[in-house]
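Subject: Structure handover

Hello,

Here is the structure for you to open. My notes on it follow below.

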Amino acid sequence: MLRRTLFAALALFAAAPAHAQPSKTLKVVMQSDLKILDPIWTTAYIVRNHGYMIYDTLFSLDAKLEPQPQMVDSWTVSDDKLTWTFKLRDGLKWHDGQPVTAADVVPSIKRWTERDTLGGLLAKQTQEMKAVDDKTFQIVLKEPFGIMLKALGKPSSTPLLIMPERVARTPSNQQISDFTGSGPFVFKKDEWKPGEKVVYTRFADYKPRAEPPSGLAGGKVAKLDRVEWVSIPDTQTAINALQQGEIDMIEQPSHDLLPVIEKDKNVEIVIPDHLGSTYILRFNWKQPPFNDVRIRRAAEVALNQKDFLQGVIGDPRYYKVCKAVFGCGAPFESSVGMDGILESNFEESKKMLKEAGYDGTPIVLLQSTDLAVLTNLAPIAKTLLERGGFKVDMQSMDWQTVVSRRSKKDPIAQGGWNISMTAAAAVLLIDPVNNHYAEASGDRAQFGWPLDEEIERLRMAFTRESDPAKQKQIAEQVQKRMMDQGVTVPLGQYLQPMARRKGVTGNIESPVTVFWNVEKK
């Protein structure tokens with residue numbers, strides 16, 4: 001397999017026409033292959049990254065996680081906080097040359113609200129949304145929505161990306177087929193070869209904001225003529241290509257191979273996202289034994305973060321123990337509700353299981369085998385849970401099968417599951433409404449389907465509040481309730497380095513890999 005992958009990669013480079021390799025062409029191996037092109041259709045990060053290449057946003061979060069205008073020039077809010085009026089900035093243009101108007105914005109927002117959790121909360125509180133004139137649109141609310149700008153500037157997993165009206169009117173249960181954007185790069189669909197490469201070219205008519213780049217906000221200046229996402233699935237093959245100068249960057253090199261890269265004087269390691277990602281463990285509330293909160297609490301007591309971080313990431317430079325549901329280094333960092341849990345108190349866990357009447361039935365733990373950053377999570381969980389009194393049936397499969405399997409609500413005997421684990425960008429988890437793993441709405445919630453009316457009441461209260469101090473109080477109440485009920489278990493925070501040739505500079509410090517401001521010398 002390795003030889004076939006290497007030959008395929010070399011064939012790809014050999015077949016590339018000479019004009020595809022000017023000095024301002026950047027070749028990048030991304031985290032995975034791009035197969036879906038509609039950025040609201042999936043929460044996959046590669047599709048989100050594709051969206052940021054070709055579309056633009058109304059607002060974006062800066063380096064301090066504060067919303068700043070992007071396509072919007074100015075806005076006003078009525079005294080009763082129910083009417084928000086926004087004006088678009090001058091110079092916005094679609095890739096086909098047509099001007100961007102408010103008539104494009106309104107259906108784009110509506111389509112997004114039908115697919116995104118935070119967007120859905122906005123829709124529930126919206127009375128009317130309309131275009132006032134070509135540059136002005138208005139959102140009229142039923143009640144105040146204190147996080148309006150943060151919602152419109154949400155960076156991940158499903159950001160609000162503005163599309164032409166004809167595209168935005170595509171039903172949200174259908175994928176789009178027209179990829180005309182207004183962002184700094186143009187998607188070259190005619191050169192897209194799934195499993196081989198994705199190509200973007202600079203949009204000459206894009207008008208960046210005047211402000212310097214900060215996070216995802218500020219001026220998006222495209223300094224590259226062409227960006228190619230090259231598919232090389234084997235990590236070692238990709239590193240060889242980077243060291244030989246056949247590619248310029250690897251978005252997510254495996255942590256265990258970083259020492260190899262560090263020895264190469266022509267390659268450097270950078271950390272583009274200093275918040276990083278958080279490991280997440282989810283219980284299936286629909287199947288025994290985790291339909292019992294006492295059993296969920298026992299598992300929380302048996303686990304600890306350090307074992308997961310050391311066993312998967314290994315290098316302490318790239319991880320930190322973080323008992324905070326909404327992330328360490330984020331605005332709502334707190335340890336409230338964490339007393340007595342995630343300390344691997346095995347005797348206490350065994351005691352709790354006995355009191356809850358756990359009968360020793362093995363719990364089904366799903367393991368992903370093909371993503372290095374996830375593979376070791378399940379074996380570590382199995383060891384800790386067994387030491388805490390559980391019997392564990394770890395079932396191994398590739399990541400796409402895990403994703404499919406964890407969506408099943410069937411009994412264990414019919415292919416169901418008890419525990420599934422993943423990782424999420426910390427910026428996605430920063431508050432009770434952006435964090436979709438905080439949702440406890442039952443069947444509408446993320447896999448595991450937790451159901452808790454108090455959490456949902458608190459999350460809705462958070463959307464109405466604009467005072468940061470009061471928002472923090474609500475966030476701490478949500479976190480405590482989440483841990484008391486076993487909604488989501490955070491297993492530590494880690495950084496994902498990027499590797500690039502030393503002639504490449506300008507990567508924005510951001511939770512999303514973007515290519516404006518990047519230069520190649």
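Helix α3 covers residues 102–113, 12 residues in all. From first C-alpha to last it reaches 17 Å, close to the 16 Å expected at 1.5 Å a residue. That expected span is 1.5 Å times one less than the number of residues. Helices (H or I, at least four residues) and strands (E, at least two) are DSSP runs, numbered from the N terminus.

This is a predicted model: local features need pLDDT of at least 70, side-chain atom pairs count only at pLDDT 80 or more, and totals for chains, interfaces and linings use all residues. Residues are numbered from 1 along each chain as its sequence is written, and side-chain values use heavy atoms, with hydrogens and water left out.

α3 is mostly covered, with 10 of its 12 residues buried. Buried means under 20% relative accessible area, exposed over 50%, and partly exposed in between (1.4 Å probe, protein chains only). Among the buried ones are Asp 104, Arg 111 and Trp 112. What covers them? The cover of the buried α3 residues includes strands β5 (83–88), β6 (126–133) and β7 (136–141). It also includes helices α4 (117–124), α5 (148–152) and α6 (165–168).

α5 turns up again at the second largest pocket, where α5, α15 (453–464) and α16 (468–485) each supply at least two lining residues. A pocket here is an open set of points on a 1 Å grid over the protein atoms alone, where a 1.4 Å probe fits, with protein on both sides within 12 Å along at least five of seven lines; lining residues have an atom within 4 Å of a point. This pocket holds about 420 Å³, taken as the space filled by probe spheres set on the points. Its lining has 21 residues, and Gly 146, Ile 147, Lys 150, Ser 466 and Gln 471 lie nearest the centre.

Next, the cysteines. The count comes to one disulfide, defined as a pair of cysteine sulfur atoms within 2.5 Å. It joins Cys 322 to Cys 328, S to S 2.1 Å. The link is right-handed, with 105° about the S-S bond. Both Cys 322 and Cys 328 are buried.

Last, Lys 521. It is found in the segment after β21 (519–520). Lys 521 counts as exposed because its relative accessibility is 76%. Lys 521 touches Gly 503 and Thr 505, leaving aside residues up to four places away in sequence; contact means heavy atoms within 4.5 Å. Arg 501 is 20 residues from Lys 521 in sequence and 9.8 Å away in space, C-alpha to C-alpha.

Best wishes
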